[in-house]
Every structure is written in C-alpha cells, then in structure tokens.
Amino acid sequence: MNNPWHHFRKTDSVILGSITERQNRWLMACLSNNQNSAYGMRYGFSTIASIEEFQRQVPIVEYETLVPWIDNIANGIDEQLFCTSVVAFEKTGGSHSGGKLIPYTAHGLADFRHGLIGWLNSVITQFELTEGKAYWALSPAATHTDTTNSGIPIGAGDALYLGEENLTMFAELSAVPLSLSMVKDMAHWQLLTLYFLIRCQDLRLISIWSPSFLSSLLTALHEKQHTLLMLLAQGGIVADHSLCADADALRRYQDYLAQNNTHILWPQLKVISCWADASSQPLARVLMNHFPNVALQPKGLLSTEAIITVPDTHDNPCLCIDSNFYEFIDDNGEVFLASEVRPNDEYRVIITTNSGLYRYQTGDRVKCISRQQNGVSLRFIGRSGVCSDLVGEKLTEPFVIHCLNKLEGFAALAPDTTRLGYVLLLDEQYRQQNQPWLSGVELQLHSNPQYAYARRLSQLHPLRYTFIEQPIERYLRWQYDKGKKLGDIKPPALLPHDSWRDIFQIQG
C-alpha cells in the first residue's frame, strides 16, 4: 500500500507568472464562470476585462450586503451569487460573532484544498515526515444537524473539505479514528481522544487551530486519569467505541503522570501547527512549555470564508495567490493589490472567492512581512471589527493585543459597564508570573489618547484585575454550548461586550 505521507507530497504543476498575472488569471476565470448569476449580471461580470474594471464596477461589501442573496440560495433559488450548485453552508466560527451562513461551491472548496494540500506538502518536506501518525483536531459533533429550508446541509464534514481523493490517506495517517467527529457528548469525545492519543507512541505531527484546544486536552489528561487508567488496564466501551487494554500505553501514561513530561507519551513528535499570532500568541507560548523539544509552526490565516495564508518551509505565512483574489485596504481607505502591499504596513483583507464572495471584507487585519516577485508574506494581527467603546476610547483588538503581549496564558480585556471601566481577566494559574506586568498594562492603554483622556476626566475608572480558575476551559464550554466547533474557537484578547460575567461565572 502507498505510504500516506507520500500521497500528500503530490502537488499540482507549478503555476508560472508574477503575482499580478496569476491573480488576474484567477479573477477573470472566476468572473467568466459566474457572469450569468444574478449578482454577476447586476455588476456586469461579462463586460469586465481587467482588475481595474472589476474594482470600478463591483463594490466592496460586508456580510450584511450579501444576506438577501445568501437567503435566496438557502431557500433553494439557484444562480444567485454563482452559477454552480451550492454544496453546503458553514456557520462562521469566530469568537466574537456567529450565525453568518457562508455558502460553499465545489470550485470554492477545490481552491481551499489547493492551499491546504500545498501547506501539508511543505510541512512534510520541512520536518521530513515519512512515517508515523498525525493528529488533526476533530471536534465533537454538533448536538443536531442543521439544514436550510430547502434541505441544504449546514456544516461541512471532513470529506467535503479534504475531498474524497484525500480522505482515505488522511484517515490512515490519523492518530484517532475519524469516527470521533460523530461523537456528540463532549465528555465522551474528550475521553476517546485522549485514549487514542495516549496509545499513539509514533505521533509525529499535531495540527490544530487554537492552542487552547490542545491545552485543554493536556489538562484533561490529569483530570480524567482515573477513567483513562482503567480503560488502558481493562478496556471498555465509550460512545459505541470498543476500547482494548494496552499495557505498554498504560505504563507510559503512568510515567507521564509521575513526571509530567509529554516526551514520554510522544517521543517522536516533531511539530505542532497551531495559531500563534495575535491573541493566540501568549496561549501558544504556554502550550509549547509542555513540548520543549518540539517545533512550533504558526498556522496561517484561514477563516470560514476563505483560506488566505499558509506557512511555507521557513514558517513564513504566505498568501495563497492561486486560491482566491485578494485586495487590501489601509487605514486611509486606499485599496492595494497583492503585488502592491508594502512591508511593515498594515491592511484589512478583502477577498473574492469562487463560493460567491466578491470584494468581501473579512474583518481580518494583517501586517505585510515581505513581498517578492512571486509571493507575499502577511502576518495576522487581529480582527479590525472588534472594538470596545464605553465613552469614546475605541479600543481595538490589535491595540489590546499589543498591550497584553508580556502576559502569560489567558488574558482578555473586558468592558465593565456597571462601574464604567475595564477589567483584565487572567488565568489564576499564572498569577505569580503576571503580577510584575500588571501595572504596565494600564500604562500601555494610556498610549491610546482617547483612553488617556477619559481616565484624566474620570470618565473611566482605573483598570482592575480578576484572576479566574481555568478560564480557557470555561470560554471553550460557553462557545461550544452556543454551537461553535470546539477546534475553531479562538479565545479573544478583547471582549467587546458585557457578557464576561456569564462566560466565566463571575459574580459582582
């Protein structure tokens, strides 16, 4: 049988041309394929022959503008945003908002797959992965399966994202059975995940989204040790999965519990791929303290709407030039093409996709790291749409992330409308490490002139601090109970609403 690692080394032919040439080819093909859609006819896709004409004729939009078109698709009306059939919808999985339905077409999913397989090929090359297993984050299943009024599924399974041609090899590489994604009970899902991971001594790659996802599993390795020890010693049945005893895994797990050393469980682990930018940076630092001899590969920028960047063999987050059409808007409102962005400048991302999003503002903010003739490197720095404004101070997530960058573990700023001020929510586990830096956070916030002015006028009370037991686990549970996929949840640096008391079960 073919080595499944080798399967993912197969890549498409090299696409030639400069950034502008490749982006122009991609865009013209997209517009041609969808010119007879209702949206394409409204904005004259058939008459567009250049990027400049596209920018003149097609407006930049946010999600709300597309809602009528998306509602029509959900109700079974064809050829609204695109000329092909919708395959499925996915709900946005962001930390700050939810409920947006994003349509997927076969062509749009192929674009996503092109970037994903390209990343997998580069990580296999970089870390010389030729044998062993990989753990891909599999969230527990939703408590119920949704469909639109016309019966279109909401929620895409692994086969849809990966493609049937890749699924068999993907399953062979997986350290845990893909059937775990069908387990609805979160406690059962977590127990099964840990059981199979403990048994997987030849684990080589861990690919997750949020570092908090893996951190919560490490916490559960200790919290669920009684049940795990029993299953490894005697076997059992959990959520229709028949589990056998494993004396070797039992011994290694016992050694791990005694020494708290992940190398005992996974001695061949080479790399962990996860979010490590913006609000995920301190969480990634804490996670990697548990894996001192393992490489961290910061994952690129991928949203429900589109794949935007993936890391190359040097861990640079490179724009997926051949997966979508990209534009970038600066704080002055000037729009740039991918070939025009300038190193060290910051931009908001605008995408055009084969799944019906045209000049769509994603809300993601990036900083250009470098630009060459055939590629662009962009680092995610936060969400531009996340803002807290009690008295005119307008704190944004990228600014808050900068203010909190010296803190360890979970740290989030939240508005306190009962006393008109802000509270910094912190992990009790890192109280001692963070204590010396707390006064500096208030000073950093004062670098926002509006915040400093509001404090001088006593419009805002001084920043206060609250330490919370297991804040990550509480936040994950809150989002999961709202229907978010566990693996997609990204703990924020700024909570722009006053629901933090409910999220973290804080009184007063």
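Which residues in α9 meet which residues in α10? The sections below answer this question and then turn to other parts of the chain.

## Basis of the report

This is a predicted model, in which local features need pLDDT of at least 70, side-chain atom pairs count only at pLDDT 80 or more, and totals for chains, interfaces and linings use all residues. Residues are numbered from 1 along each chain as its sequence is written, and side-chain values use heavy atoms, with hydrogens and water left out.

Helices (DSSP runs of H or I, at least four residues) and strands (runs of E, at least two) are numbered from the N terminus.

## Helix α9 and its crossing with α10

Helix α9 covers residues 186-199. Its 14 residues reach 20 Å from the first C-alpha to the last, close to the 20 Å expected at 1.5 Å a residue; the expected span is 1.5 Å times one less than the number of residues. The helix is mostly covered, with 11 of its 14 residues buried, where buried means under 20% relative accessible area, exposed over 50%, and partly exposed in between (1.4 Å probe, protein chains only). Among the buried residues are Met186, Trp189, Leu192, Tyr195 and Phe196.

The axes of α9 and α10 come within 10 Å and cross at roughly 85°. Axes here are lines fitted to C-alpha atoms, for helices over the stretch in contact, and angles run from 0 to 180 degrees between N-to-C directions. The two helices are therefore roughly perpendicular to each other, as angles of 65 to 115 degrees count as roughly perpendicular, under 35 as roughly parallel, over 145 as roughly antiparallel and the rest as oblique. Trp189, Gln190, Thr193, Leu194, Leu197 and Ile198 of α9 meet Phe213, Ser216, Leu217, Ala220 and Leu221 of α10; contact means heavy atoms within 4.5 Å. By class, this contact has 8 nonpolar, 3 polar and no charged residues. Ala, Val, Leu, Ile, Met, Phe, Trp, Tyr, Cys and Pro count as nonpolar, Asp, Glu, Lys and Arg as charged, and the others, Gly among them, as polar.

## Helix α10 and its crossing with α19

Helix α10 (residues 211-223) also meets helix α19 (residues 471-481): their axes come within 10 Å and cross at roughly 115°. These helices are therefore roughly perpendicular to each other. Their crossing is left-handed, a term used if the near helix is turned anticlockwise from the far one by less than a right angle, and right-handed if clockwise.

On the α10 side the contact involves Ser212, Ser215, Ser216 and Thr219, and on the α19 side Ile472, Glu473 and Leu476. The residues of this contact comprise 2 nonpolar, 4 polar and 1 charged.

## Helix α2 and strand β13

Helix α2 has 15 residues (19-33), and at 1.5 Å a residue these should span 21 Å, which agrees with the 21 Å between its end C-alpha atoms. Its buried residues are Ile19, Arg22, Gln23, Trp26, Leu27, Met28, Cys30 and Leu31. The elements that cover them include the helices α4 (51-57) and α6 (106-126), and the strands β13 (325-329), β15 (346-352), β16 (360-372) and β17 (375-383).

Strand β13 contains Glu327, which is buried at a relative accessible area of 1%. Leaving aside neighbours within four places in sequence, its contacts include Phe54, Gln55, Phe336, Arg348, Ile350 and Arg359. Glu327 and Arg359 are 32 residues apart along the chain, and their C-alpha atoms are separated by 7.7 Å.

## Residues in loops

Two residues other than glycine have a positive phi. Asp315, with a phi of about 70°, lies in the loop between β11 (309-311) and β12 (317-319) and is partly exposed at 21% relative accessible area. Asn344, with a phi near 80°, lies in the loop between β14 (335-337) and β15 and is exposed at 57%.

Pro462 is partly exposed at 41%, and His461 is partly exposed at 38%. Beyond neighbours within four places in sequence, Pro462 is in contact with Arg419, Tyr422, Glu442 and Arg455, while His461 is in contact with Arg419, Leu420, Gly421 and Arg455.
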